[in-house]
Amino acid sequence: MSCHTLFQEQYGAGEPTDVMAEAIMADALKTGARRIVAVGGGTIIDLAKVLAVAGDETIDSLYDKAPDLEKRRQLVIVPTTCGTGSEMTDISILNRTRIGTKMGLVGPAMYADNAVLIPELLNSLPFGVFAASSIDALVHAVESSLSPRATPYTKLFSYKAIEMIIKGYQTIASHGREARNPLLEDFLIASNYAGIAFGTAGCAAVHALSYPLGGQYHVAHGECNYAMFTGVLLAYMEIKKDGEIAVLNQFLADLLGCDAADVYDRLEELLNQILPKKALHEYGMKPEDIGKFTESVMTTQGRLMSNNFVPLNAEQVKKVYAKLY
């Protein structure tokens, strides 16, 4: 059976933007396609979700309609990275260049009709892409475990994903990068589990704070999340040390073989063997961005910030950026 093929790289490099999406939408509309098959990583999947609901309108108008979007084409998603989990969610993340930040486009019509997991498609994944994408999955699992919208069922998926990813990283840290190859199916399934969890419970401040950095300085999504990860968790701990975060910390401590009080240091030691963490200024961030990014988070990322373990105000967000700078 013949099909039309569109390659994202023909429309621009990097993560999806509103400009890129509109160019692809225009060409896809000409094909008259009734089904979209997305084979790729997060960028491809996010763009395919847009195509599933897009007509001849602009990206801005789709955001205005959300969540009441209409499914115009069947959607089949085949992920080729182990981080997005997006094959299980109804959200597409785009860099809205006209307003200078990433934002989620959300609506039930953006769910895939079918999701297909093929571990062999990860065999040629460069280690850096594997590292950033799998850390993204870990962040999805952690944020969804702490979300006030989490349920006993989503926590089953969150905590199992955390366990699978941490144990996989420990194997890689002990035996080298090639040790990931027999574990790719586990990482792909863990990413899927995390997608199931955050599809209901949502992601939170780690993602919210990462979006201005990624949008402004074009840093890979998973790496942006890692840059913010423990900084946000420590901000939560300054406000509330008991409840679900204590459960999470003890779970991580048991996996890492340390005391709960040392868990974030030990976690970073492990993650740094997979993807070295950078200070925010190393990505090009400037001191004046701290205030600008804080304002962006507080004015455009309310959907994510509502999923925080505890509420964070502008001063607390600014403090996280300043500490990580």
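A crossing of two helices is called right-handed if the near helix is turned clockwise from the far one by less than a right angle, and left-handed if anticlockwise. Keep that in mind for the close-ups below, all taken from a predicted model.

**View 1. Helix α7 meets helix α11 in a right-handed crossing.** Start with α7, residues 205-217, and α11, residues 287-300, whose axes lie 9 Å apart at an angle of about 120 degrees. Because of that angle, α7 counts as oblique to α11. On the α7 side, the contact is made by A208, L209, P212, L213, Q216 and Y217, and these meet D289, K292, F293, S296 and V297 of α11. Sorted by class, the contact holds seven nonpolar, two polar and two charged residues.

**View 2. Helices α4 and α8 cross in the left-handed sense.** Here α4 covers residues 127-146 and α8 covers residues 221-239; their axes come within 8 Å and cross at roughly 35 degrees. Look along α4 for the residues that make the contact, among them A132, I135, L138, V139 and V142. Their counterparts on α8 include Y226, F229, L233 and Y236. Which classes of residue make up the contact of α4 with α8? The residues divide into 10 nonpolar, four polar and two charged.

**View 3. Strands β3 and β4 form a hairpin.** You can follow β3 through residues 91-96, and its pairing with β4 is antiparallel, over six bridges. Four residues lie between the two strands, and G100 in the turn has a positive phi of about 80 degrees. Is β4, residues 101-106, largely enclosed or open? Five of its six residues are buried, so β4 is largely enclosed by the rest of the structure.

**View 4. Three strands make an open sheet with parallel pairing.** The strand order to trace is β1-β2-β5. At the edges stand β1 (35-40) and β5 (114-115), each with a single partner strand, so one side of each has no neighbour in the sheet. Between β2, residues 74-79, and β5 there are two bridges in the parallel sense. To find this pairing, look for V76, whose bridge partner in β5 is N114.

**View 5. Helix α2 lies across β1 and β2.** This helix spans residues 42-53 and runs at about 170 degrees to β1.

Methods. Residues numbered from 1 in each chain as written. Predicted model: local features only at pLDDT ≥ 70, side-chain atom pairs only at ≥ 80, totals over all residues. Heavy atoms only, no water. Axes fitted to C-alpha atoms, helices over the stretch in contact; angles between N-to-C directions. Contact = heavy atoms within 4.5 Å. Nonpolar A, V, L, I, M, F, W, Y, C, P; charged D, E, K, R; others polar. Buried < 20%, exposed > 50% of the residue type's maximum accessible area, 1.4 Å probe, protein only. Pairing = 2+ DSSP bridges. Parallel < 35°, antiparallel > 145°, perpendicular 65-115°, else oblique.
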